[in-house]
Amino acid sequence: MSVLEKHNDLSLINKMPLFTNIQHFSLQDGPGIRTTVFVKGCPLRCPWCHNPETQSPKVEINYFIDKCIGCARCVEICPTGATHVEYHNEDAFIRFDRNKCSGCGRCVDVCLEGARERVGNNLTLDEVVREATADILFFIKSGGGVTISGGEPLFFPEFTIELAKKLKQEYIHVAVETSAFCQWHYFDELREFVDLFLVDIKTMDPGKYRDVIKCDSEVVFTNIKKLVDSSSAVRIRLPIVPGFNNTKKDYEAYVKYLSTFKTRIDVDILPFHSYGENKYQLLGRLDSYKYRGVNSMSNNDVIDLVKMLASAGLQPGLNITVGGVIGVGGS
Ligand code: SF4
Ligand code: SF4
């Protein structure tokens, strides 16, 4: 099965996603004040991902070890033995084997200390619409709307199309944040209901896309071209990651690519930040997090890319932001 076939595995396409959050008053996910819907599930594996809780489509459990008092209520209730007691000499330790965890959430329900938290909520489409449209007055006043993000919204194309359609029926501005790794016909259906596509480009190197991100870059770039050619509004997001895509050669490749479009494309440069590290710890994945201990980049660290894009005709603050603060007019 090819990577794209795997991505479009029917078992996921027809499924409702779980949700990690519906975030109100977001200012970095499109114009104006926005509500951002985070779906849980993504076919890509960016090793720097700062929302690791959105990668798996399944329920996961956050474990706040500093809150745990060792009462073992979770051990008694756990049906799979994922949570168990281990003894070392005279001392007992609570252990959590995530490979055995079914995500049933019983340990969350019995923990009186708040040391366990379910990640991934079940919501119906109507519940998502109700929650996402609650701030409609703020959208009207600020020129904002709803952003469907994740995870990867197009990992669940049928849901994303239905949600965008329902929001558009309410005359709400709809943005979709995506890696563009999806069969084109889903984008084609979605275009009618979406005002802005925020598309991540991870690198211009097909080999890095394939080997590191686990994704066919030809699909990504073909979709971006088709979106732009069909007059959809596209805003490119460039996550800049130390040691992965922050050399002069990488920057030149971005500028060369962006210069190929006849219409001007706005760009958000997103310097790497380390805020996600704590999330890896709560999910029990800190040991495999490749950017553990790597410092956040500052805006100054990407100034060369800003200058190169400016030389190619894009205006900082107008067509280029650093950090994606487009809701309040760029930074
Ligand atoms: S129930 Fe909560 S506080 Fe008690 S051992 Fe389990 S995680 Fe720790
Ligand atoms: S979610 Fe269920 S299976 Fe997983 S540790 Fe908690 S009680 Fe056990």
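Me: How does the shell around ligand 1 divide by class in this structure?

Reply: Residues are sorted by type: Ala, Val, Leu, Ile, Met, Phe, Trp, Tyr, Cys and Pro count as nonpolar, Asp, Glu, Lys and Arg as charged, and the others, Gly among them, as polar. Here the shell around ligand 1 holds nine nonpolar, one polar and three charged residues. Residues are numbered from 1 along each chain as its sequence is written, while chains are lettered from A and ligands numbered from 1 in the order in which they are written. The model is predicted, and local features need pLDDT of at least 70, side-chain atom pairs count only at pLDDT 80 or more, and totals for chains, interfaces and linings use all residues.

Me: Which residues are closest to ligand 1, and which come nearest to ligand 2?

Reply: A residue is near a molecule if its C-beta atom, placed from the backbone, lies within 6 Å of it. Ligand 1 is surrounded by 13 residues, with Cys68, Cys71, Cys74, Cys111 and Ala115 closest. Around ligand 2 there are 13 residues, and Cys78, Ala82, Cys101, Cys104 and Cys107 come nearest. The shell of ligand 2 comprises seven nonpolar, five polar and one charged residue.

Me: How is the protein divided into domains?

Reply: The bounds come from an automatic or database domain assignment. That assignment gives domain 1 as 3-57 + 121-275 + 288-322, and domain 2 as 60-119. Between the C-alpha centres of domain 1 and domain 2 the distance is 35 Å.

Me: Which residues have the most contacts inside the largest nonpolar core?

Reply: Such a core is a set of buried Ala, Val, Leu, Ile, Met, Phe, Trp, Tyr and Cys residues joined through C-beta atoms within 7 Å. A residue is buried with 20 or more other C-beta atoms within 10 Å of its own, exposed with 12 or fewer, and partly exposed in between, the C-beta atoms being placed from the backbone. The largest core has 68 residues, and Ala164, Val176 and Ile269 have the most contacts inside it. Helix α7 (residues 157-169) contributes the most to this core, with five residues. Helices (H or I, at least four residues) and strands (E, at least two) are DSSP runs, numbered from the N terminus. Apart from this core lies another, of ten residues, including Ala82, Cys101, Cys107 and Ala115.

Me: With which residues is Val176 in contact, beyond its neighbours in sequence?

Reply: Contact requires C-beta atoms, placed from the backbone, within 7 Å. Setting aside neighbours within four places in sequence, Val176 touches Ile148, Pro153, Thr160, Ala164, Leu190, Val194, Phe197 and Leu198 by this criterion.

Me: Why does Lys166 count as partly exposed?

Reply: Lys166, in helix α7, is partly exposed because it has 18 C-beta neighbours inside 10 Å.

Me: What backbone values do Tyr171 and Ala180 have?

Reply: Tyr171 is not a glycine, yet its phi is positive, near 60°. Tyr171 sits in the loop between α7 and β8 (173-178) and is exposed, because 10 other C-beta atoms lie within 10 Å. Ala180, also not a glycine, has a positive phi of about 65°. Ala180 belongs to the loop between β8 and α8 (184-190); with 26 other C-beta atoms within 10 Å, Ala180 is therefore buried.

Me: What kind of peptide bond joins Gly150 and Gly151?

Reply: The bond is cis, with omega about 15°. Gly151 lies in the loop between β7 (145-149) and α7.

Me: Where does pLDDT stay under 50?

Reply: pLDDT is the predictor's confidence in each residue, from 0 to 100. The mean for the protein is 92, and 94% of its residues reach 70 or more. Over residues 327-331 pLDDT stays under 50, and the model has 17 contacts beyond four places in sequence for them.

Technical notes: Contact = placed C-beta atoms within 7 Å.
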